[in-house]
2 protein chains.
Amino acid sequence: MVDRAKPGEQARTSAPGPRQPSLADVAGMAGVSHMTVSRVVNESGPVRPETRERVLAAVQKLGYRPNTAARTLVTGRSGTLGVVALESNLYGPASTLYGIENAAREAGYGVAICSVTRPGRTSIGDAVESLRRQAVEGIVVIAPHVTAGRALAAVPGDIAVVAVGGGESAPVPVISVDQYDGARRATEHLLALGHKTVWHLAGPEDWLEARDRERGWRETLERRGLRVPAVVRGDWSPRSGYEAGRALVGKRGLKAVFSANDQMALGLLRAFTEAGIRVPEDVQVAGFDDVPEAAYFTPPLTTVRQDFIEVGRKTFGLLEDRMAGGDVRARHLVPAELIVRESTGPR
Amino acid sequence: MVDRAKPGEQARTSAPGPRQPSLADVAGMAGVSHMTVSRVVNESGPVRPETRERVLAAVQKLGYRPNTAARTLVTGRSGTLGVVALESNLYGPASTLYGIENAAREAGYGVAICSVTRPGRTSIGDAVESLRRQAVEGIVVIAPHVTAGRALAAVPGDIAVVAVGGGESAPVPVISVDQYDGARRATEHLLALGHKTVWHLAGPEDWLEARDRERGWRETLERRGLRVPAVVRGDWSPRSGYEAGRALVGKRGLKAVFSANDQMALGLLRAFTEAGIRVPEDVQVAGFDDVPEAAYFTPPLTTVRQDFIEVGRKTFGLLEDRMAGGDVRARHLVPAELIVRESTGPR
DNA sequence: CCGGGGCATGTTAGCGCTAACGCTACCTCG
DNA sequence: CGAGGTAGCGTTAGCGCTAACATGCCCCGG
């Protein structure tokens, strides 16, 4: 039965050498049936210790490696998850990706990624489709955009999908850091320092995280009956923070600014420095993300830390539930933590 | 974890649902053989236009999706590449990952990632092994560590592997940014400002990039017969840069420092600021990486830019060559570019 | 009017694996 | 001492797909 000379064997033109050993090859060498080898390899079903030894020796000698494609074909399970990631170096999304990969690997899953540049209905749809062809068992969409919600609604319902950090109205479970509460904490911290109000440098309008942070800031002010200054908007980049900072310089009553992320806060600090405004003496600044650099800005930045490992863990857990058939649709929040540093230090 | 009591007892806990349509289902609906459907789907072989229409209609109606596992099993090609990535948020590795994913996607490949925390012989070996089980056709190892070279030597030779940014003595092609030349440029730039020598804040000793940057700095000084100050070493983090900065403060003749990356340079700036040392008036500082923040540090940082998109493109190109059977072993360098900003500005 | 060569399709044989069941010992217990 | 287990294997039948060959058909030249 190990006679493989008969069928068209010289079909391979590019001659990749001897093909990978299969169960049958191992079985032949160990003098057992391929099923016994399968049982040894997968530890399914009883095998006599000495038989196992023979099989393992043959596996070792031949360098046998199970063929995932065949296994997937017959079992319908690939052991792979898909992640739709945003192609960006932004601290949050990148950290989230690693957090998920981490949790997945610990559970024995592989991870296939497919990045999208500009999330819209089609590109997320395409990404999901391309991952499905890779036979993933479940998909995580890192979709911080408002439009992502709509895109997710169009995703076929016969595969487990969870979204992280977005997908507001999406018909899928969503995990995210509690942006609203983080913004509230930062704002209240600034107010507690005695300011009459707090300005806000917001992120792009089509990012849910930007909206939530803005809402957290706005409602905190409103709850206290304080004046809500006009929002200045950036695009997360240090450059946009810098430009916003130049626009803010000279505003009457500018005493405290809450930036929607640390990178923009850095730009702010730069603009203020150039304008001769001292932080924290003249104006106090808080950011969001706690990037590793934040503690070493000039001055060190008060910010809101997000636990992305935890986000990854929760995301994976939820995806597992979905894959097992659970009908989870809740929104899961991971708490945010305020880190106080000199940029809001006592004067 | 889900406890499935006995193999084969109640494996399918979740929706047994109608299984995905197969070629046969489409064939049945279109009234043709499954082979004709295959030909339509893959555009291989002649099919009458009206037949094609019927088939496509059935494909559409049933929502047919080709089964990659089956296709892989029979063709031996999976259309997927593997990337062994470093689990870190470091700007370089993360950017490289996206660069590669980009190039791969444009060429129609999927990407599976497997991250390793602490690269050593075993973990890279494990990662490669785990990717092979996912039937990847080629593997990119983002391996900036010295040990990675040895680990790569132990990787079986029957699969295409290329390394990016490391793997010095590895028996595989290597792509990297020209760290040596980048460091040389930064150092010469600092010297051109009239300093007698340049200090160096190096990266971890077991990172090849750190070694190359240090060598570029050292040999530039030596070529000019200048004194080579003792190297201060950090771990890439802003914190380590800060600590190094505190150690450097007060050194006699400290006029110019070249930091092996921007994050550490930020720590340096912080330490100098706290010590009352002005940059660039008292000491001039250059970094490496050109992270997006660098232009907004206080002061804006002179640094060396790396083109990671280009690295990704070249890496993928080389991997393609390898997969096609080419025996490429060269070391490919992507040039680095010096970006001059205020931290080395004219006094 | 017939045979050869294409075009458009169908048929068959696996790829490597696991699920499901079959078969033989041997062992236990009433 | 026979019925009924169970450990330890083997055998068979696909999973969905593609490569290779087989078939029917029509067109055309001889």
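Q: Which residue is the bridge partner of A:Ile113 in S2(B)?
A: B:Val111 is the bridge partner of A:Ile113 in S2(B). This is a predicted model, in which local features need pLDDT of at least 70, side-chain atom pairs count only at pLDDT 80 or more, and totals for chains, interfaces and linings use all residues. Residues are numbered from 1 along each chain as its sequence is written, while chains are lettered from A and ligands numbered from 1 in the order in which they are written.

Q: In what sense do S2 of chain A and S2(B) pair, and over how many bridges?
A: Strand S2 (residues 110-116) of chain A and S2(B) pair in the antiparallel sense over three bridges. Strands pair if DSSP finds at least two bridges between them. Helices (H or I, at least four residues) and strands (E, at least two) are DSSP runs, numbered from the N terminus.

Q: And what is the partner of A:Ala112 in S2(B)?
A: In S2(B), A:Ala112 has B:Ala112 as its bridge partner.

Q: How many residues of S2(B) are buried?
A: Seven of the seven residues of S2(B) are buried. Buried stands for 20 or more other C-beta atoms within 10 Å of a residue's own, exposed for 12 or fewer, and partly exposed for in between, with C-beta atoms placed from the backbone. On one side of S2(B) are B:Gly110, B:Ala112, B:Cys114 and B:Val116, and on the other B:Val111, B:Ile113 and B:Ser115.

Q: Which strand of chain B is joined to S2(B)?
A: Strand S1 (residues 80-86) of chain B runs parallel to S2(B), joined by seven bridges. B:Leu81 stands opposite B:Val111 in S2(B). From S1(B) the chain crosses through H5(B) to S2(B), a right-handed β-α-β crossover. Right-handed here means that, with the strands pointing away from the viewer, the path from the first strand over the helix to the second runs clockwise.

Q: How many residues does the contact take from each chain?
A: The contact takes 49 residues from chain B and 46 residues from chain A. Contact is counted when the C-beta atoms of two residues, placed from the backbone, lie within 7 Å. The side of chain B that touches chain A divides into 22 nonpolar, 19 polar and eight charged residues. Ala, Val, Leu, Ile, Met, Phe, Trp, Tyr, Cys and Pro count as nonpolar, Asp, Glu, Lys and Arg as charged, and the others, Gly among them, as polar.

Q: Why say that the copies meet through the same surface?
A: Because 88% of the interface residues of chain B are also interface residues in chain A.

Q: Switching topic, where is A:Gly79?
A: A:Gly79 is in the loop between helix H4 (68-75) and strand S1 (80-86) of chain A.

Q: What is A:Gly79 in contact with, beyond its neighbours within four places in sequence?
A: A:Gly79 is then in contact with A:Gly108, A:Tyr109 and A:Gly110. A:Gly79 and A:Tyr109 are 30 residues apart in sequence, and 5.0 Å apart from C-alpha to C-alpha.

Q: Which strands are joined to S4(A)?
A: Strand S3 (residues 138-142) of chain A is joined to S4(A) by five bridges and runs parallel. Two bridges join S4(A) to strand S5 (residues 174-177) of chain A, also parallel.
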